[in-house]
Amino acid sequence: MKKEKIVEEGYNKIALNYHSERNKFESIIELRQFTELLTSGAKILDVGCGAGVPVTKYLVDEGFSVIGIDISEEMLSLAKKHVPKGEFLKADMSEMDFLDDSFDGIVSFYAIIHLPREKHAFLFKKFRRILKPRGIMLIGLGSSESEDTGEYFGTKMFWSHYSAEQSLELVKDAGFEIIFEEVLERGGERHYWILAKANQ
Ligand SMILES: C[S@@+](CC[C@H](N)C(=O)[O-])C[C@H]1O[C@@H](n2cnc3c(N)ncnc32)[C@H](O)[C@@H]1O
C-alpha cells in the first residue's frame, strides 16, 4: 500500500482521539514568532492542518486569511467545525498545486513527518515556489533520521524523517534563508523546527 494511504486511513480512524490529546503539544511560542513576521491580513497555507486546533484557529483569530490542506477527510471535517472562517481543501501535500507567489506564509505542524522523505526536497521547493519572495515558513520536522511503520492511537501509521542536519540543507537548497532552527521538546517529543524566509 502507498505510504500516504496508510497515513490517510490512519488519521481518518483516529481523528477524534488525536484531537483530544493535541493540547499536550504547546505550539504558541513558535506560532507567535511566525506571525510577528507577517503583516495583518496575510495569506497563510497550513499544510497538514489536522483538526484545525490550535494552529489554524490561532491564525484565523489573529486576522489572517488561512487555507488548510489535509489528506484526511475526518481531520478536515473537524477543522471545518472548529474554524468556520478557515478555508479547507483535501489534498496530499506532495500533490497540492497552487500558483507561484500565492502565500505570504506557510506553516506545517507535525505533518511533514508523515511524508516519505524522498519527497521532502521536492516539497520544500514547492513551498518556495508558492510563497511570495520574502514569504515566511514555519515547519516542524523529525529530529533524527528514521523511517518506520508502527502503531499510533491503536492504528497503523507511517513516519519518515531525515536528520536535522540533512533537513536544514534541503531547506536551504530549496531557496530559504534560515531565521531560526532548533530541536525542541514539546509534550515529551523532540521535533526539529525551522523558521525561514523565502529568498528573493
Ligand atoms: C500529527 S497531525 C498534525 C495536525 C495539525 N497540524 C496539528 O498541529 O495538530 C498530522 C496531520 O498531517 C496530515 N497529513 C499527513 N500526511 C499528509 C500528506 N501527505 N498531505 C496532507 N496532509 C497530510 C494528517 O492527515 C494529519 O491531519
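Trainee: Hi! How many residues surround the ligand, and which are the closest?

Mentor: 21 residues surround the ligand, and the closest are Gly 48, Gly 50, Ser 72, Phe 109 and Ala 111. A residue is near a molecule if its C-beta atom, placed from the backbone, lies within 6 Å of it. Keep in mind that this is a predicted model: local features need pLDDT of at least 70, side-chain atom pairs count only at pLDDT 80 or more, and totals for chains, interfaces and linings use all residues. Residues are numbered from 1 along each chain as its sequence is written.

Trainee: Which elements give two or more residues to that shell around the ligand?

Mentor: Those are α1 (3-21) and β2 (65-70). The most comes from α1, with 3 residues. Helices (H or I, at least four residues) and strands (E, at least two) are DSSP runs, numbered from the N terminus.

Trainee: And how do the shell residues divide into nonpolar, polar and charged?

Mentor: There are 12 nonpolar, 5 polar and 4 charged residues in the shell around the ligand. Here Ala, Val, Leu, Ile, Met, Phe, Trp, Tyr, Cys and Pro count as nonpolar, Asp, Glu, Lys and Arg as charged, and the others, Gly among them, as polar.

Trainee: OK, on to the sheet. What is the order of the strands?

Mentor: The order is β3-β2-β1-β4-β5-β9-β8, in an open sheet of 7 strands with mixed pairing. Since β3 and β8 stand at the edges, each has a single partner strand, so one side of each is left without a neighbour in the sheet. On average, neighbouring strands of this sheet are turned by 15° against each other, direction ignored. Two strands pair if DSSP finds at least two bridges between them.

Trainee: In which sense do β1 and β2 pair, and over how many bridges?

Mentor: The sense is parallel, over 5 bridges. Leu 45 has Ile 67 in β2 as its bridge partner, and Ile 67 in turn has Glu 87 in β3 as a partner.

Trainee: Why is β1 described as largely enclosed by the rest of the structure?

Mentor: Because 4 of the 5 residues of β1 (residues 43-47) are buried. A residue is buried if 20 or more other C-beta atoms lie within 10 Å of its own, exposed if 12 or fewer, and partly exposed in between.

Trainee: Let me pick Leu 78 in α4. Is Leu 78 buried or exposed?

Mentor: Leu 78 is buried, with 20 other C-beta atoms within 10 Å. Leaving aside neighbours within four places in sequence, Leu 78 is in contact with Ala 15, His 19, Ala 51 and Gly 52. Contact means that the C-beta atoms of two residues lie within 7 Å.

Trainee: Now α5. Which of its residues are buried?

Mentor: In α5 (residues 120-130), the buried ones are His 120, Leu 123, Phe 124, Lys 126, Phe 127 and Arg 128. Their cover includes β4 (103-108), β5 (131-142), α6 (164-173), β8 (176-186) and β9 (189-198). The helix α5 lies across β4, β5, β8 and β9, running at about 150° to β5. Such angles run from 0 to 180 degrees between N-to-C directions, with axes being lines fitted to C-alpha atoms, for helices over the stretch in contact.

Trainee: Last topic, the backbone. Which peptide bond is cis?

Mentor: The bond from Val 53 to Pro 54 is cis, with omega near 5°; Pro 54 is found in the loop between β1 and α3. Two residues other than glycine also deserve a look: phi is near 55° in Tyr 110 and near 70° in Arg 134. Most residues other than glycine have a negative phi, and most peptide bonds are trans.

Trainee: Where are Tyr 110 and Arg 134?

Mentor: Tyr 110 is in the loop between β4 and α5, and is buried, with 21 other C-beta atoms within 10 Å. Arg 134 lies in strand β5, and counts as exposed with 12 C-beta neighbours inside 10 Å.
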